[in-house]
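Welcome! Please open your viewer, get ready to select residues by number, and follow along stop by stop.

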Amino acid sequence: MKPGKIYACWIYVSDLQKSRQFYQDMGFEVKLTDGDWIEFDLGETSFAILKRHANEGDVIPSKTRIMFETDNIELVYEELKNKGIKTIGEIRTESYGKLLTFEDLDGHWLEFYQKLPCDD
């Protein structure tokens with residue numbers, strides 16, 4: 001068996017509506033809502049948040065990174081700072097691109113990624 005492309009990535013949240021607003025404020029567009037599931041449209045792949053019910057225990061923040069591609073990471077960084085969104089450090093450059101880690105309302109760490117220009 002060979003896995004295909006990723007259809008969706010999702011995380012548990014403690015307050016679905018506050019988290020929905022948090023992500024929409026960053027420019028994420030809602031693709032669909034189904035009960036306690038909100039899916040954001042990212043083209044071929046979706047990112048979703050799912051309400052964690054009290055009887056399932058507390059939301060445990062994940063430090064597994066989900067990267068959202070952007071073409072202007074400096075602008076994203078400024079927007080996050082202006083909105084008071086916690087970033088983990090500043091923009092860092094790796095051999096494959098620029099990265100910026102941020103934290104959502106439940107403590108999940110997620111990242112923005114910008115490709116580096118190719119040396120042709």
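A polar contact is a pair of N or O atoms within 3.5 Å; within protein, one of them must be able to donate a hydrogen and the other to accept it, and residues adjacent in sequence count only if both atoms are side-chain atoms. What you have open is a predicted model, in which local features need pLDDT of at least 70 and side-chain atom pairs count only at pLDDT 80 or more, while totals for chains, interfaces and linings use all residues. Residues are numbered from 1 along each chain as its sequence is written, and side-chain values use heavy atoms, with hydrogens and water left out.

**Stop 1: serine 46**

Select serine 46 and lysine 31: their side chains are joined by a polar contact of 3.3 Å. Serine 46 belongs to strand β4 (helices, H or I with at least four residues, and strands, E with at least two, are DSSP runs numbered from the N terminus). Is serine 46 buried or exposed? With 2% relative accessibility, serine 46 is buried (buried means under 20% relative accessible area, exposed over 50%, and partly exposed in between, using a 1.4 Å probe and protein chains only). Leaving aside neighbours within four places in sequence, the residues in contact with serine 46 are Tyr7, Ala8, Cys9, Lys31, Glu39 and Phe40 (contact means heavy atoms within 4.5 Å).

**Stop 2: the sheet around β4**

Now show the strands. An open sheet of 4 strands runs in the order β1-β4-β3-β2, with mixed pairing (two strands pair if DSSP finds at least two bridges between them). Because β1 and β2 (30-34) stand at the edges with a single partner strand each, one side of each has no neighbour in the sheet. Strands of a sheet pair through backbone hydrogen bonds, either parallel or antiparallel. Look at β1 and β4: they pair in the parallel sense over 6 bridges.

**Stop 3: helix α1**

Next, select residues 16-25, which make up helix α1. Which of its residues are buried? They are Leu16, Ser19, Phe22 and Tyr23. These residues lie on the same side of α1, because they cover an arc of only 125 degrees around the axis (the arc is that of the directions from the helix axis to the C-beta atoms). Among the elements covering them are β1 (8-13), β3 (37-42), β4 (45-51), β7 (97-103) and β8 (109-115).

At the start of α1, a side-chain oxygen of aspartate 15 comes to within 3.2 Å of the backbone nitrogen of glutamine 17. Just after α1, glycine 27 has a positive phi of about 100 degrees.

**Stop 4: salt bridges**

How many salt bridges does the structure hold? There are 7 (a salt bridge is a side-chain nitrogen of Lys or Arg within 4 Å of a carboxyl oxygen of Asp or Glu).

Select glutamate 111 and arginine 65, whose side chains form a salt bridge at 3.4 Å, N to O. Glutamate 111 is in strand β8 and arginine 65 in the loop between β4 and β5 (67-69), so this pair ties together parts 46 residues apart in sequence. Glutamate 111 is buried at 2% relative accessibility, whereas arginine 65 is partly exposed at 36%.

Finally, select lysine 81 and glutamate 78, a salt bridge with its closest N and O atoms 3.5 Å apart. Both residues lie in helix α2, 3 residues apart, about one turn of the helix.
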